[in-house]
Amino acid sequence: MEKFTEVRSVAAPLPLINIDTDMIIPKQFLKTIKRSGLGKNLFDEMRYDQYGNEIEDFVLNKAKYKNTSILIAGDNFGCGSSREHAPWALLDFGIRVVISTSYADIFYNNCFKNGILPIILQKKDRDLLMDDALKGSNSILIINLENQEIQRPDGSIITFDVDQFKKKCLLNGLDDIELTMKKFDKIKSFEDSYSNKFPWLGK
Amino acid sequence: MSENKTLYDKIWENHLISEEDDGTSLLYVDRHLVHEVTSPQAFEGLRMSNRKVRSPDKTIAVPDHNVPTTLDREEGISNKESRIQVEALDKNATDFGINYYPVNDIRQGIVHIIGPEQGWTLPGMTIVCGDSHTATHGAFGALAHGIGTSEVEHVLATQTLIQKKSKNMKVEVNGSLGIGVTAKDVTLSIIGQTGTAGGTGHVIEYTGSVISNLSVEGRMTVCNMAIEGGARAGLIAPDQKTFDYIQGRPHAPKGSNWEMAINSWKELFSDAGSKFDKLVVIDGNKIAPVVTWGTSPEDVLPINEIIPNPNDFDVQKKQAVERSLNYMGLFPGQKLEEVKIDTVFIGSCTNGRIEDLREVAKIMDGKKVKEGIRAMIVPGSGLVREQAEEEGIAQKLMEAGFEWRLAGCSMCLAMNPDQLSPQERCAATSNRNFEGRQGRGGRTHLMSPAMAAAAAITGHLTDVRNLI
């Protein structure tokens, strides 16, 4: 996984609540057996009409937001299916940070596994950033994970909380499996006592 | 931690391998269910790093999401991408030596239907799958939830999952259900009350007389939609009904193991005085047959209500309601019962079991699907289909005008050819009414199998109680 360093970008505003993973990446794109290449179909049904032409009004089709790395979203972002294709599509498009008041549980975890930082803020702070995002081109946000800070275009700072283990993994690009593999002795001894206690579950 | 433990606390503790100071924990996984859509990248990851599946015996795979459900599928899957994905699962299952039910096996079906059907799902377990509706298995008192593909790879390689413990939430449904009111109405009504983020960060335990009076299959319907309420998982304490349902299934414990298992399972309940972080109490007597009207599962109303006005919601929700009414082609004040439908879809991991099909057959009772309505039944597994045929239900439903399909996820998520056209309106027994979920521009109303049958008969959303 790519290390998470400082992100500087215009942020794209998506004020809709309950943006679900079917919106983020519709099911017809789940037939891939790869992780890459999904960016062009991010938000497909909101982004393109039925003939495949870009819908001008949609935020990511506007010139000033086309290269954004940050999304500011309405409450409960990423609800619905467990498809990791949702963060894969965001990442492939270039999104490294999502900012909302809340996320669906599975989506939230999936982001961290792919080098995306989902930030949770109080509504009033999220709304301030939404206003910044609406201003467009010159309205750059700077996301510093190390210090857990967001610098607004006016220079003011909003701080955020993040799980320290997840933060460490993002900053260092750590792979979960590698970390768990180091605990194989523990897993093995757990399995032994476990299968004695619950013999009907098999070895 | 308090001595009085919740059911969730007990299962968590039994599976806890290690815990860091910040609460990051390594949890043992008893059963890992795998399907073709969320697993190829995980198996590819294993191959690239030269890793094996740690516990192939505890890993069960089946293709379900994008298999066709028409009878010609035995000749092969015509959609190239779908075929490649299913063939990838065939190969991965063989190469890694995991339990597998290939597409033309009679036991193939929706992963959350065949897990319980084959006795893989047992009380007290941890069960994961790269699918959010894994919550279904919570009906057995198992901690079951969806995971992403990176986690699928992690579980394949280590048989463990990195987790932080969720909070405990209790949803108590008291009283008893009226005629025509089913498990689906219960679970939709709960989400209508708590909202789609009401359970975020929590594991829900469903309790109360309504829940204990439900059949095991009804309980699966309730837990299935815990995810639509935002919860990580839903749980129901196992009881004699649960044990009776499990006994004798192919992978259920046998002989002395069965006695041992039962004794252990009888400890699986929340202790008196155990602490819940959140409590929701619902009067089951007041639950009516419901339908969804919008594009979020929380947009639920009793069938005899009218479409709400966006102005009656707070600012953020107002915008979402305007958008969804526009998408759904509905207007404020319209009577739900006057909304005409084009299509009926009966199936999915929410409502694709034998009791659901019996319910549909009972409501149809010699009546026909209204002319011009496309009505489709997709049994949840090959064995459900076979049983319905043996019971004579299949024949009756076909005579009533339903298409009788092979097992799969089908039009619940429309990855296979079973899709809605733009603006086609569907009475569906599935679990999500998101924009585009059943096909681009398709309009989904979620409801129970009984309510879907009623809509099939009249051609519009209908109060099933008027047909009983």
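I started with the contact between the chains (heavy atoms within 4.5 Å). Chain B puts in 73 residues and chain A 63 residues. This is a predicted model, where local features need pLDDT of at least 70 and side-chain atom pairs pLDDT 80 or more, while totals for chains, interfaces and linings use all residues. Residues are numbered from 1 along each chain as its sequence is written, chains are lettered from A in the order written, and side-chain values use heavy atoms, without hydrogens and water.

Next I looked up the buried area (accessible area, 1.4 Å probe, that two parts lose on being put together, summed over both). Chains B and A bury about 5700 Å², with 54% of it on carbon and sulfur atoms. On the chain B side, Gln41(B), Gln316(B) and Arg440(B) lose the most area to chain A, together 13% of what that side buries.

Then I checked salt bridges (a side-chain nitrogen of Lys or Arg within 4 Å of a carboxyl oxygen of Asp or Glu). I found seven across the interface of chain B and chain A. One of them joins Asp105(A) to Arg232(B), with the closest N and O atoms 2.6 Å apart.

Last, I searched for disulfides (cysteine sulfur atoms within 2.5 Å). For Cys223(B), the nearest cysteine sulfur is that of Cys349(B), 12 Å away. For Cys426(B), the nearest cysteine sulfur belongs to Cys412(B), 10 Å away. Cys426(B) is buried too, at 0% relative accessibility.

Technical notes. Buried means under 20% relative accessible area, exposed over 50%, partly exposed in between (1.4 Å probe, protein chains only).
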